[in-house]
Amino acid sequence: MRVSLLQRFIVLCIAFHSSDISLASKRQGQHKDTRLTLKPVRGQLTLSSGRIKLGEVYLSGINGLRGEREKATGGEKGLKGDQGNQGEKGEKGDSCSDSCRKFVTSTVRQTASDACNTRLEGELRYDKTTAKLYICSRKQWRQLQTVLRGEINSPPRKSCLEILFNGESQGDGMYWINPIGTNHQRNAFRAYCDMTTSGGGWTLVAKVTHDYSWVCPDRDGGMCLGSKTNPLNANLFHDIHQRDSVDLSIKSNVDAGVHLNDTIIRLLFVAGRQSVRFTFVSSGNDWTPSEDAYAAFNPSKKNSMFVDHEWGQYTLDNVDYTWNIIQHTRKDKTFSGKIICWGNKVKHSYRFYDHGLHIGSPASAHKPCLLDNNENEVMLKSHYATLQGSPLKARWDMAQFGFLGAQYVQVPNKRIAIWVR
Ligand SMILES: *[C@@H]1O[C@H](CO)[C@@H](O)[C@H](O)[C@H]1NC(C)=O
């Protein structure tokens with residue numbers, strides 16, 4: 001986005017009244033004018049082609065404001081300026097006649113120094129340094145971020161699977177979903193959907209892309225023994241690792257191990273096919289899996305997967321689930337999940353190591369859910385922290401074995417993604 005273009009050619013008309021916000025833009029020197037009409041539903045503006053969610057602002061249709069092809073500015077995907085123009089044409093042409101009377105004409109502001117106050121409400125600001133566009137709303141400059149057409153479905157579906165069922169899939173990528181189903185303004189979020197693997201409809205619910213930085217940030221990526229961080233953080237499903245949105249970006253900081261809210265994951269799981277998929281990547285810089293498989297849980301059996309404060313142990317032998325292998329390239333390793341354990345925020349130790357989700361084969365011990373150390377088997381197992389004493393207290397394990405790189409525990413991997421369908 002070239003600031004000169006915005007400054008010179010765009011006049012933005014913004015009107016705010018109690019129940020409607022209209023933003024009309026007129027570009028001169030272009031063949032067609034572009035008008036965006038935004039209809040707010042409380043904190044959120046709906047656009048014929050998308051919407052703005054205030055707080056974490058996404059504006060679809062802003063592409064119509066630009067005539068230049070644009071590179072990604074740090075988001076997941078590049079912006080397609082050319083395509084943006086298409087959808088705006090043939091727009092319903094509504095409400096401008098009403099709201100135009102109240103238009104406040106303004107140009108895009110460039111100065112970062114202006115504090116967003118009531119006087120500037122509705123003004124747009126382009127920050128040259130960061131190449132980002134902001135709107136002044138309720139005394140805060142909120143960033144406008146473009147997303148590609150098709151990423152937004154309105155109203156949002158409940159899951160990636162539902163988007164697929166409704167024929168709205170645009171391939172793998174970020175989509176708005178709302179598993180709760182009501183109050184989109186509050187509950188909708190952007191999720192990464194794998195729409196192609198084994199039928200598609202997979203929602204990314206957790207990932208690990210670095211072994212230690214997310215567990216104990218104070219050690220700067222080093223092993224956690226001696227860390228001041230609470231050892232209970234070693235659980236990938238600890239609240240501290242919860243994010244409103246999980247994408248496939250590869251991180252080596254605190255965002256290297258993240259998950260969606262467990263209640264949301266459970267909703268996706270129960271409303272879908274009760275399947276949990278594990279993608280293991282052993283080489284490369286992307287998400288091409290070396291091993292990929294999913295457990296399809298037996299719907300006629302009760303389970304408490306992703307229910308906090310309850311632990312459960314599910315086995316292949318009991319036909320609690322079936323194990324479906326999608327990809328298996330390391331032929332010298334086995335790839336079997338005989339047991340899946342879930343125990344988040346449980347009072348007692350179900351595993352004598354960090355809580356959360358684990359998969360592997362049972363060790364020959366009488367401890368519940370104790371997984372075998374089997375470096376020949378691809379599995380999700382870690383020994384960051386242990387629980388000891390009475391009452392149980394977490395402490396860093398003397399021998400640090402992370403999810404990804406540990407020998408002697410499991411087959412080393414570079415990254416792991418966990419999906420639900
Ligand atoms: C997860 O989401 C549910 C439902 O919205 C909410 O009640 C709960 O507080 C959330 N949990 C956390 C840890 O944020």
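## Fold, ligand shell and backbone features of a predicted model

This is a predicted model, in which local features need pLDDT of at least 70 and side-chain atom pairs count only at pLDDT 80 or more, while totals for chains, interfaces and linings use all residues. Residues are numbered from 1 along each chain as its sequence is written.

The protein chain contains six helices and 23 strands; these are DSSP runs numbered from the N terminus, with H or I and at least four residues for helices, and E and at least two for strands. Of the 421 residues in the protein chain, 44% are buried, that is, with 20 or more other C-beta atoms within 10 Å of their own, C-beta atoms being placed from the backbone. Among contacts with a separation of 6 or more, 54% join residues 24 or more positions apart; a contact requires C-beta atoms, placed from the backbone, within 7 Å.

Asp239, Gln242, Asn261, Thr263 and Ile264 surround the ligand, each with its C-beta atom, placed from the backbone, within 6 Å of it. This shell comprises one nonpolar, three polar and one charged residues.

The peptide bond from serine 390 to proline 391 is cis, with omega near 0°. Proline 391 lies in the loop between strand E21 (383–388) and strand E22 (393–401).

Definitions and conventions:
Ala, Val, Leu, Ile, Met, Phe, Trp, Tyr, Cys and Pro count as nonpolar, Asp, Glu, Lys and Arg as charged, and the others, Gly among them, as polar. A residue is buried if 20 or more other C-beta atoms lie within 10 Å of its own, exposed if 12 or fewer, and partly exposed in between; C-beta atoms are placed from the backbone. Two residues are in contact if their C-beta atoms, placed from the backbone, lie within 7 Å.
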